[in-house]
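Hello,

Here is the structure I promised to pass on. Please have a look at it first; my notes on what turned up follow below.

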Amino acid sequence: MDDYRLWSEKHQMMEQILAKTKFSDPASDKKPLIISGPCSAETEEQVLDTALRLAKTGKVDVLRAGIWKPRTRPGSFEGIGVTGLPWLQKAKELTGLPLAVEVATAKQVEEALQHGVDILWIGARTTVNPFSVQEVADALKGVDTTVLIKNPINPDLELWIGAVERVRNSGITKVGLIHRGFSSYGNTEYRNAPMWHLPIEMKRRMPELPMICDPSHISGRRDILQEVAQEAVDLDYDGLMLESHIDPDKAWSDAKQQVTPERLAEILEGITWRHERTDKKEFNSALDKLRGQINQIDDEIMLLLGNRMKIAEKIGIYKKENNVTILQTNRWNEILQRGIAKGEKLGLTKDFILKYFDAVHLESINRQNRVMNEDK
């Protein structure tokens, strides 16, 4: 009976945790779920002090700490291991806050659950490997818990979706997503480029799943944490995961992206919390009119693009008849330079213009390629 009571209480608590990640009332002031704690559990004193100071802010819903740390290169601190789990248990007892821990193997799943961890998350380095995700998923069969899945390191939505499907197939029903940014060559502003369009597409494909942002791993540094967090809130994310340490500069891992509990509270206080919808009639009426205008413009753009592609096909016919190659480098450079110059005068960024013309150019090449080879 006691085992059933404990299971029932934990089940109810998990439901309450996940309930915070969705706005039940669009006009309410309920804020997203906040998960915080040190990148790594280092000592019992560090874990407990951080937990107590975070709880004191009144702004944190879930405590997190890295127990096992998959590092890029050997020789780096790879986590305190199972030794740190009792420290987290004590932090949970002292604060009343549930715990979240990253797991990458079946053994880690077992040890975390044995020590009362409430939320498990699968890290980016694990999500990228279907074999590892499957091992974790197999270990979760028959378990009633919450699992959050970080995006894979590389920008591949299919891997992310595949990880969700594997976990769901194991019987886990309480699943959420964590956006922590993506590795990209030449990226300098962020530790991991946010590539906001990818989590937005993930939200479109799986709208039923809560989406949490990890500004710490996106930023890699403290000075832009609030900026990234605000961006996520503006995009209607359901929560934030931010790393906090009692003495960030002396942290054993990821020191530059951690903040003190008190600074965390300031960051959260400085965020403007927004809602996806409002019940204000004047606002909704004005918004509907503006969206109607956008729909009309989009229809006109699609019509123009369709006409452009028809002309591209005609060009393909002329090239075929005269044995001319599809790609004309000089012409392509001319189009780009002309587009950038005109776009900037209209207030369009160079980055947008390049992405737009890349997409249009690729479709034009595909159309001309079909024309060139249609008789083969």
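Let me begin with Ser216, which sits in helix 9 (residues 215–219); helices here are DSSP runs of H or I with at least four residues, strands are runs of E with at least two, and both are numbered from the N terminus. Ser216 counts as buried because its relative accessibility is 0% (buried means under 20% relative accessible area, exposed over 50%, partly exposed in between, with a 1.4 Å probe and protein chains only). Leaving aside residues up to four places away in sequence, Ser216 touches Leu225, Met241, Leu242, Glu243 and Gln257, where a contact means heavy atoms within 4.5 Å.

A word on the basis: this is a predicted model, in which local features need pLDDT of at least 70 and side-chain atom pairs count only at pLDDT 80 or more, while totals for chains, interfaces and linings use all residues. Residues are numbered from 1 along each chain as its sequence is written, and side-chain values use heavy atoms, with hydrogens and water left out.

Now to the rings. The structure holds three aromatic pairs (rings of Phe, Tyr and Trp, the last by its six-membered ring, with centres within 6.5 Å; planes under 30 degrees apart are stacked, over 60 edge-to-face, the rest tilted). Trp196 and Tyr237 make an edge-to-face pair, because their ring planes meet at 85°, with the centres 6.0 Å apart. That pair links distant parts of the chain, 41 residues apart: Trp196 is in the loop between strand 6 (174–179) and helix 8 (197–205), and Tyr237 in the loop between helix 10 (225–234) and strand 8 (239–243). Both Trp196 and Tyr237 are buried. Tyr356 and Phe357 are also edge-to-face, since their planes are at 70°, with ring centres 5.0 Å apart. Tyr356 is partly exposed at 32%, whereas Phe357 is buried at 15%. Phe352, Tyr356 and Phe357 form one aromatic cluster.

Finally, strand 3 (residues 99–103): five of its five residues are buried, so the strand is largely enclosed by the rest of the structure. Leu99, Val101 and Val103 point one way, Ala100 and Glu102 the other. Strand 3 runs parallel to strand 2 (residues 62–64), joined by two bridges (strands pair if DSSP finds at least two bridges between them), and Ala100 is the bridge partner of Arg64. Four bridges join strand 3 to strand 4 (residues 119–122), also in parallel, and Val103 stands opposite Ile122 there.

Best wishes
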